[in-house]
Amino acid sequence: MDKIVLVGCGNVGMSYAYSLINSSVHVDELVLIDVNKDVATGQAMDLTHASSALNKRIKIKAGDYADCENAKIVCICAGRGQAVGETRMDLINKNYEVFKNIIGEINATNFCGCYLVATNPLDIMTAITQELSGFPKNRVIGSGTTLDTARLRSLISAELNLNPKNIHAYVIGEHGDSEFIPWSNAIIGLNKATDYINKTKRAQILKEVRNSAYDIIRLKGNTCYGIGVCLRNITKAILENTNTIMTVSAYDKYSGTYVGLPTVVGANGAEEVMYLELSEEENVELKSSVSAIKNALRSLKK
């Protein structure tokens, strides 16, 4: 049975849930958990009506942590959201306390599926989930830079008037201010992206990618739809074992931490990290981004 438990019924969680039921991904049961049980109950009712209108039979309910027992995926979207003027790193200690409670509850069950983390600061919370759960590192993944990669492809698509599916470019590193674009590996069709986009424009695109979340939060208070679809895509890769390459936050054996890198995602979570051949400058940027994650983890007040 393909069962998913979603922890956190805020904007991100519900965008994920709605994207999930309004797609080809097969889900038998979706369980919603929230500190506000009434909200979870209301959202479950609303989603049930939506699934009926879509002619789908999905069992959707408000539940509790005991429901994690036989779930394929537990997706954690709970935690303090990023406010105007805050960076993702500002949330670290507040969300650590939230995760201690959540993972403690799940540890009391026999859950043995995959953890999928969407809470910021993303890479840090993914590492914390693995540490608190004791799970194999491949079965704990975060949404990583999948959304940042989607933003990058959207910008290149608009710049070159091309379908995004013909743009093979990634954002890697921390899901945050130190993320970067390895342009040496970016391909448009079969040609190098640098043949089409000059250095000045590349710098502008990176700036827009990094600032997208800040701009959206300033304008509407939160980001939710983009990450909801990215979480849906990761879920599909796990449930259907598609072995799709995505820039999830996966454990990097070389740096010893979680970071956004192109990764084969399948039934076991992170099946394999695909290490890129980077330029000298890009290697420096990746090391800097990894350092930002590790420094944040060291600053955590446990």
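Trainee: Why is α1 described as largely enclosed by the rest of the structure?

Mentor: 8 of the 11 residues of α1 are buried, so that helix is largely enclosed. Buried means under 20% relative accessible area, with exposed over 50% and partly exposed in between (1.4 Å probe, protein chains only). Keep in mind that this is a predicted model, where local features need pLDDT of at least 70, side-chain atom pairs count only at pLDDT 80 or more, and totals for chains, interfaces and linings use all residues. Numbering starts from 1 along each chain as its sequence is written, and side-chain values use heavy atoms, leaving out hydrogens and water.

Trainee: What covers the buried residues of α1?

Mentor: The cover includes β1 (3-7), β2, α2 (37-53), β3 (59-62), β4 (73-76) and α7 (225-239). Those labels are DSSP runs numbered from the N terminus: helices are H or I with at least four residues, strands are E with at least two. Among the buried α1 residues are Tyr16, Ser19 and Leu20.

Trainee: Why does Ser23 count as buried?

Mentor: Its relative accessibility is 14%, and buried means under 20%, so Ser23 qualifies. Ser23 is in the loop between α1 (11-21) and β2 (29-33). Leaving aside residues up to four places away in sequence, Ser23 touches Lys56 and Arg232, a contact being heavy atoms within 4.5 Å.

Trainee: Over to the rings. Why is the pair of Tyr115 and Phe135 called edge-to-face?

Mentor: Rings of Phe, Tyr and Trp (its six-membered ring) pair if their centres lie within 6.5 Å; planes under 30 degrees apart are stacked, over 60 edge-to-face, and the rest tilted. Here the centres are 5.0 Å apart and the planes stand at 65 degrees, so Tyr115 and Phe135 are edge-to-face. The two sit 20 residues apart, Tyr115 in strand β5 (residues 114-117) and Phe135 in the loop between α4 (122-133) and β6 (140-142).

Trainee: How do you know whether Tyr115 and Phe135 are buried or exposed?

Mentor: Tyr115 has a relative accessible area of 0%, so it is buried. Phe135 comes in at 11%, so it counts as buried too. Ring pairs link Phe111, Tyr115 and Phe135 into a cluster.

Trainee: What puts the charged end of Lys137 over the ring of Tyr251?

Mentor: The rule asks for NZ of Lys or CZ of Arg within 6 Å of the ring centre and within 35 degrees of the ring normal. Lys137 sits over Tyr251 at 5.0 Å from the centre, and Arg153 lies over the face of Tyr170 at 5.1 Å.

Trainee: One last thing: how is the bend in α6 defined, and where is it?

Mentor: The bend is the angle between axes fitted to the seven residues ending at a residue and the seven starting there. For α6 that gives about 50 degrees at Asn211. The buried residues of α6 pack against α5 (146-160).
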